[in-house]
Amino acid sequence: VTCYHDSQTVEENDDGTAEVEFQVVHAEEMIPWLMTWGATVKVLEPQWLQKALADNAQSIVAQYLPD
């Protein structure tokens, strides 16, 4: 398993997914990095980070919708 941060913990699930946890001071700095994972990542918490990723994704989609 690749280590992305010193605080990283990984719990592998029976269905092949994994839950990765980080303890960071400025979690908003993770938004661009999380966005690179696209639909293969799902933020479970905190809720504000879920919303930030959803808002970013909606902004991207809106760029490609016809006016």
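Visitor: In which helix is Gln50 found?

Guide: This is a predicted model, in which local features need pLDDT of at least 70, side-chain atom pairs count only at pLDDT 80 or more, and totals for chains, interfaces and linings use all residues. Residues are numbered from 1 along each chain as its sequence is written, and side-chain values use heavy atoms, with hydrogens and water left out. Helices (H or I, at least four residues) and strands (E, at least two) are DSSP runs numbered from the N terminus. By that numbering, the helix that holds Gln50 is H2.

Visitor: Is Gln50 buried, partly exposed or exposed?

Guide: Buried means under 20% relative accessible area, exposed means over 50%, and partly exposed lies in between (1.4 Å probe, protein chains only). The relative accessibility of Gln50 is 30%, so Gln50 counts as partly exposed.

Visitor: How far is Gln50 from Ile31, C-alpha to C-alpha?

Guide: Along the chain, Gln50 and Ile31 are 19 residues apart.

Visitor: What is the closest N to O distance in the salt bridge of Lys51?

Guide: A salt bridge is a side-chain nitrogen of Lys or Arg within 4 Å of a carboxyl oxygen of Asp or Glu, and a search of the whole structure finds one. Lys51 and Asp55 are four residues apart in helix H2, so about one helical turn separates them. Asp55 is partly exposed, at 34% relative accessible area. Lys51 pairs with Asp55, and their closest N and O atoms lie at a distance of 2.9 Å.

Visitor: What accessible area do Val1, Val10 and Val20 have together as a surface patch?

Guide: Patches are made of residues with over 30% relative accessible area and no salt bridge, like charges being joined within 9 Å and nonpolar side chains (Val, Leu, Ile, Met, Phe, Trp, Tyr) within 5 Å. Val10, in strand S1 (residues 9-12), has a relative accessible area of 36%, and Val20, in strand S2, has 42%. Val10 and Val20 are 10 residues apart in sequence but 4.5 Å apart in space, C-alpha to C-alpha. By the Shrake-Rupley method with a 1.4 Å probe, where for residues only the protein chains shown count as cover, the three valines together have about 280 Å².

Visitor: Which residues form the negative surface patch?

Guide: Asp and Glu count as negative and Lys and Arg as positive, while His and the chain ends are not counted. The place of a charge is taken as NZ of Lys, CZ of Arg, CG of Asp or CD of Glu. One member, Glu19, is in strand S2 (residues 18-21) and is partly exposed at 39%.

Visitor: Is the peptide bond from Glu45 to Pro46 cis or trans?

Guide: Most peptide bonds are trans. Pro46 lies in the loop between H1 and H2. With omega near 0°, the bond from Glu45 to Pro46 is cis.
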